[in-house]
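Visitor: I have not looked at this structure before. Could you take me through a few of its residues?

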Amino acid sequence: MTEVRPAAAASASLWERDRELDAVRRAVDDLCADHSSSGSLLVFRGEAGLGKTALLAETRRIAEERGCTVWSARGGETLKSVPYNVVRQLLQPALVTMLPEEARDYLGDWYDIAGPALGIADPGDRQADPQGVCDGLVAAVRRLAERDWPLVLLIDDAHWADQETLRWLAAFAERLHDLSVLVVVARRPGEVTGPRARHLDAIAATAAQSVATLSALTPDAVAGLTRATVGAHADGAFCREVWAVTDGNPYDTVELLAKVLDSELDPTEGSAGELRALNRSARGGGLVARLEGLGIDATRFAWAAAILGTGITVDLVARLTTMSLEQAERCAELLTSARILTPPDPAGGQASHGDLEFVHPLIATAVYHSIPDALRRAMHGIAAQIVTDLGLGAAAASRHLLQVHPDDDAELVDQLREAAREHLAVGAPDAARQCLERALQEPPRPEVQGHVHYELGCATLLTAPARTIDHLRTALALPGLDGAERVDAVIRLSQALLHNDQLEQAVRTVEAEAARHEEGPARMRLRAVQFMWEGIYAGESATPGRSARLAELADACTGRDNSERALLILRGFDAMTHGENAEEVVEACDRALVNGRLAPGLGWTDTEWGVELLMMLGSSYAYTDRLDRAENLFSEALRTYTSAGWSGGHLALAHAFLGLAFRRQGRLKDAEQVLRESLRIAERVGRGLPLYWSATCGLVDTLLARGQVEEAWSIAEQYGFAPPYPSTIVLPDTRSVRGRLLLAVGRTEEGINELEAAEKAAAARGGHNPVLAPWTVDLARVLAGHDPARAARLAADARRQAERFGTDTAIGEALRCAAVLETGQRQVRLTAQAVAHLEASPCQYEHAAARVEHGLAARSAAELDRGLMLARSCGADGLVRQAERALATLTG
């Protein structure tokens, strides 16, 4: 070894990297220019050995020279299954310096959500929402960045980062426009498939023009490097052969030139033929042969280091290889001298808890794959036991347990199940899935196998409904799953079927299970779930007499337990959707509450019943003019999900239904804001789901009420708000809103067709609420000009339905519809009656519209002015313009 090698290595990796280094300097300058400057993202992409790590090291030097705080982390080939491994490397050094109370104060509400994933807090009792944890980690970095500005994050070997870190990084990169952080990522092209590849693609897409693909060194650069390393007398032919042998790869070039020095090879054309043989010992089989030449103890030490992957200490390797500490220390020195292992470089800034690391990931890969398969699996088993003995927990041992050869080991199955529970508790369902799938390979004992399939189904419920269906069906077909756990599995299966758009099968599943049970709480719960799924079906009722049976069951319920409370909520929702008397709807819903609040076990984050039931409760209040109760319920949902870190589909629904409450109240600006946020979250969760339709439909309806027709049409086009519609009920009614939109943009015939389709759907379901699905009113209005007889029949029908339902909103809207078909004093009287009812209604937009219409009919400037003020307070810009034009005409 010579003193020139480190400098040569650095210069090799940075030769011909002026463009990349200029980009780094510009990014650091922009970051340091102002505390409020936008963040940025650089991605360096290149094959192994092209100098990505050296670029990151130089980035660190440049950033620290400018006074930046720099945190760094690195992915590892054998650590891809360890959730949050890379993000922990990044953030833990900053967080562990704080006292627990200080960290809690600093992270605020996110401490309990992101803290377990970062390893600085114990996980809670329930499964963490992965999206919530991801958002919590984004918030954590945001707060730390404010404290440690200017902050630079370096992530090396991102192609080997764990899925959870990549998900966070993709989300974080999207928000860099309002975060003063520079992120620099180095990765190889390819190497990755599945979700990890999609996250890396998303990161690259965010970086856009800031993705640099590194090239190999040119012949001239290799010649300069060769002469700088072995001497200026190296001739041209020798230098050209060095380039040809290494393909200009900086790492290979440095390694080859080191061997030239070791062998004292004369750098002339006559010696050039020996370069290929020297180069073969740098990678793959040549490296393995060189390692074996160091002796069996050194080889075993290197194997153990490769198994550990990170945190390589002499003591741990000694335990893993059963060497004495003295033997292990001698092997460490030998491998360090041979440039296979090296002490961690403090200047590199990588988080390390060990004494050693591999000189290059290429070496670590070659050593790991050189271990005989059976021995590698056995060593992983020993490593798992060491981790367990150290008290680090099943999750920490799981990366080793995943590699152990299946051997009918019941204890290993138990460890993997425990690891899965720990992974779920920190929001890593994919890591839990891997553990449980590996447990099935063992295989588990027959009496345990059903439980493992059940746990696997629970682990994938949030991420893969189709896979959940298979696992839960298997679990239910196997022995061992009994009692409450079996009922829970059936209900979870029905939820997965529902989210996979297999609603009829969801109904049949719970119906068949209910038939297996005697009368009691389990059967009551199953029947309630069956009624729930049937109640949200948007098509023709598949169960004749369902509403009557539900009413009969609910009449006997006192609300003594949650099964009875669920039936009362379902009865209220069913009656509301069919337009039965609103007072009876409210009475059933109120009986489901305990002192006006949700019962214990029936809260927004309780998993026994699911979110659908409570959305039904809030919707029943929203459409029976109890909008204060609806708003309180949906606001509570939003607060609960936010504080619990549930920022996926549940949070999207909470925003959508709060938007519904605001829209019904006439708070159109507030409704638009929360519905746009709902749609943003829903887009992240995935298109086509019922929650996606709720967000889109609600936003289109709100924009139409505001008079923003072009924007409503743009949203509908952008987000696919058109047939085919989902099989579940969507609030507000999709066909009614779509029909109103088509009429607003002048596509009258299509609008009529859509409203008539809504009419047929309502008939197939056995009736409808005229406020929830207001197609009657809109269809009557559009037909008034060319088919007045049919329009009159529709208006009369709307009035009968409204009086049956009995709310001021429904009656007022029916009277507004009837007034459109009249003239003169008859029209004036009807609009006045509509105003009277809507003034008593909590729906201020409809009240404003009725005021304007009455002012137009009565030619009353005072009434128009009152309507104008109401419209302005609602944010109904279109109605404001209409009232202003009418006032201008009246006042001349």
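Visitor: Which helix holds Asp-414?
Guide: In this predicted model, Asp-414 belongs to helix H21, which covers residues 410–425.

Visitor: Is Asp-414 buried, partly exposed or exposed?
Guide: Asp-414 is partly exposed, since its relative accessible area is 44%.

Visitor: And which residues form the negative surface patch?
Guide: The patch consists of Asp-407, Asp-409, Glu-411 and Asp-414.

Visitor: Let us change topic. How many disulfides does a search of the whole structure find?
Guide: The search finds zero disulfides. Cys-458, for instance, is in none, and the nearest cysteine sulfur, that of Cys-435, is 15 Å away.

Visitor: Is Cys-458 buried or exposed?
Guide: Cys-458 is buried, with a relative accessible area of 12%. Cys-331 also counts as buried, at 6% relative accessibility. The cut-off for buried is under 20% relative accessible area.

Visitor: Now to glycine. Where does Gly-231 lie?
Guide: Gly-231 is in the loop that runs between helix H10 (219–230) and helix H11 (236–246).

Visitor: One last point: how many residues apart in sequence are Gly-231 and Ser-37, and what is their distance in space?
Guide: Gly-231 and Ser-37 are separated by 194 residues in sequence, and they are 47 Å apart in space, C-alpha to C-alpha.

How values were computed
Residues numbered from 1 in each chain as written. Predicted model: local features only at pLDDT ≥ 70, side-chain atom pairs only at ≥ 80, totals over all residues. Heavy atoms only, no water. Patch = residues over 30% accessible without salt bridge, like charges linked within 9 Å, V, L, I, M, F, W, Y side chains within 5 Å. Areas by Shrake-Rupley, 256 points an atom, 1.4 Å probe, with all protein chains shown as cover. Salt bridge = Lys/Arg side-chain N within 4 Å of Asp/Glu carboxyl O. Lys, Arg positive; Asp, Glu negative; His and termini not counted. Charge placed at Lys NZ, Arg CZ, Asp CG, Glu CD. Helix = DSSP H or I, 4+ residues; strand = E, 2+ residues; numbered from the N terminus. Buried < 20%, exposed > 50% of the residue type's maximum accessible area, 1.4 Å probe, protein only. Disulfide = S-S within 2.5 Å.
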